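Hi everyone, thanks for coming. Please bring the model up on your screens, and we'll take a short tour of it together.

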Amino acid sequence: MESTLSSRIRVLVVDDEVRLTELLRLELDVEGYDVDVAMDGTSGLLKARGEPAPQLIVLDWNLPDFTGIEICQRIRSSGIKIPILMLTGHDDVSDRVTALDAGVDDYLIKPFSIEELMARLRAMQRRVQEFTDKPESEEIPENLQVGDLMLNTNTRDVFRGNLKIKLSVKEYELLQFLMIGAGKVHSRDEIMKNVWGEDFFGDDNLLDVYIRYLRNKIERKDAPVLIHTVRGVGFMLREEQRQ
């Protein structure tokens, strides 16, 4: 292989299943990755925050000391933006929402094929590169407003009138996308691509879940409706008086 060690992508695998971690170490090495392994959440967190930092993290949901969700939250609270792929046996939509809200970039249900795991890692690498290469001219305005709904992109504060609204990470990203394109109908594919990433492998039922969560938080009785469903197309955000 022509790649040198210094040019290999560094992957941190955090999982306490010895057979699985050894298999992943072998397969990832063959694919040209430089692999480090942590057998518990504490070690994984230290290695994620250490130097040289990993460039991708494969994180199991069930660990002997902390859950993968807790580890991911701690990694994100440290300001670390390394892409994280979560391995999990949890397949309910609510569990996927929990993982994504914790800051996971993608998830893979056990049992899985090595080929699919490799495809997920390549997709995460592409999304990071696309974000890095995005022109600065595409900067988002500091303040977005539709009716009495206000969003500050610097502080990530969201208000409906005088009421401050607490949103999860993905709820915020979805709302920000809809507000930037306020008054325009966005297809389901367009929303999934821009909020979850072009290479996201999950099903788009998650979009319906997040739309419902957003409506429950920002819509108010006796106030203009903001989030609208356009049947057969997708969703749009605009102020519209209730009848």
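**A walk through the model**

Let's begin at R156, which is partly exposed, with a relative accessible area of 42%. On that scale, buried means under 20% relative accessible area, exposed means over 50%, and partly exposed is in between, using a 1.4 Å probe and protein chains only. R156 lies in the loop between β7 (149–152) and β8 (158–160). Its phi is near 65 degrees, a positive value in a residue other than glycine.

A word on where this comes from. This is a predicted model, in which local features need pLDDT of at least 70 and side-chain atom pairs count only at pLDDT 80 or more, while totals for chains, interfaces and linings use all residues. Residues are numbered from 1 along each chain as its sequence is written, and side-chain values use heavy atoms, with hydrogens and water left out.

Now the overall picture. The protein has 8 helices and 12 strands. Those are DSSP runs numbered from the N terminus, helices being H or I with at least four residues and strands being E with at least two. Of the 243 residues, 44% count as buried. Contact, for us, means heavy atoms within 4.5 Å. Among contacts between residues at least 6 apart in sequence, 58% join residues at least 24 apart.

Next, please find D15, in the loop between β1 and α1 (18–30). Is D15 buried or exposed? D15 is buried, with a relative accessible area of 0%. A polar atom of its side chain lies 2.8 Å from the backbone nitrogen of E17. That is a polar contact: a pair of N or O atoms within 3.5 Å, where within protein one must be able to donate a hydrogen and the other to accept it, and residues adjacent in sequence count only if both atoms are side-chain atoms. Leaving aside neighbours within four places in sequence, D15 is in contact with L20, T21, A38, M39, D60, L63, L87 and K110.

T21 from that list sits in helix α1. T21 is buried too, with a relative accessible area of 0%. Its side chain reaches the backbone oxygen of V18 at 2.9 Å. Not counting residues up to four places away in sequence, T21 touches V13, D15, V37 and M39.

On to helix α2, residues 41–49. Which of its residues are buried? They are G41, G44, L45 and A48. These cover an arc of only 100 degrees around the axis, so they are on the same side of α2; the arc is that of the directions from the helix axis to the C-beta atoms. What covers them includes β1 (9–14), β2 (33–38), β3 (56–60) and α3 (68–77). At the start of α2, a side-chain oxygen of D40 comes to within 3.2 Å of the backbone nitrogen of T42.

P111 is found in the loop between β5 (106–109) and α5 (114–133).

Let's look at two helices meeting. The axes of α4 (residues 93–101) and α8 (residues 205–218) come within 10 Å and cross at roughly 70 degrees. The axes are lines fitted to C-alpha atoms, for helices over the stretch in contact, with angles from 0 to 180 degrees between N-to-C directions. From α4, V93, R96, V97, L100 and D101 meet L206, V209, Y210 and Y213 in α8. The residues of this contact divide into 7 nonpolar, no polar and 2 charged.

One more helix: in α7 (residues 188–196), the buried residues are I191, M192, V195 and W196. They cover an arc of only 100 degrees around the axis, which puts them on the same side of α7. Just after α7, G197 takes a positive phi of about 105 degrees.

Last stop, D222, in the loop between α8 and β11 (225–230). D222 has a positive phi of about 65 degrees although it is not a glycine, and it is exposed, with a relative accessible area of 80%.

How values were computed: Ala, Val, Leu, Ile, Met, Phe, Trp, Tyr, Cys and Pro count as nonpolar, Asp, Glu, Lys and Arg as charged, and the others, Gly among them, as polar.
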